[in-house]
Amino acid sequence: MRDTPRYVCYCFEVDKATIVSAIKQHDLRDEDEIGSYTRAGCGCGTCKPDLRAILAELGVLPVPRASNLKPFPWLDPEELEPFID
Ligand code: FES
């Protein structure tokens, strides 16, 4: 059995319940607004895809299509070209 991650945002120790509560209470529409209320996503940014996933889970954002997902969203695809056969 897998443990549920303790936090969504480890930089500021923000858990999912806090994020969901802030989204519902303040009608938040994107990850920047979540950051304004909870600080989640305002550090390294690693958790931003998880914040968008929570927004999608709540029906605030459309669920991303698999074809739109990037394996390394923080990298420019041109940076990877030299390493791809
Ligand atoms: S883990 Fe959320 S900003 Fe770093």
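Of the protein's 85 residues, 20% count as buried, meaning that 20 or more other C-beta atoms lie within 10 Å of the residue's own, with C-beta atoms placed from the backbone. This is a predicted model, so local features need pLDDT of at least 70 and side-chain atom pairs count only at pLDDT 80 or more, while totals for chains, interfaces and linings use all residues. Residues are numbered from 1 along each chain as its sequence is written.

The secondary structure is four helices and zero strands, taken as DSSP runs (H or I, at least four residues, for helices; E, at least two, for strands) and numbered from the N terminus.

Now for the middle of things. The largest nonpolar core has twelve residues, among them Val8, Ile23, Ile34 and Leu55; such a core is a set of buried Ala, Val, Leu, Ile, Met, Phe, Trp, Tyr and Cys residues joined through C-beta atoms within 7 Å. Helices H1 (16-26) and H3 (48-57) each supply at least two of its residues, and H3 gives the most, with three. Leaving aside residues up to four places away in sequence, Ile23 touches Leu28, Ile34, Leu55, Leu58 and Val60, where a contact means C-beta atoms, placed from the backbone, within 7 Å.

What about H2? Helix H2 (residues 31-38) has Glu31, Ile34, Gly35 and Thr38 as its buried residues. They sit on the same side of H2 because they cover an arc of only 100° around the axis, judged by the directions from the helix axis to the C-beta atoms. The buried residues of H2 pack against H1 and H3. After H2 comes Arg39, with a positive phi near 75°.

Technical notes: Two residues are in contact if their C-beta atoms, placed from the backbone, lie within 7 Å.
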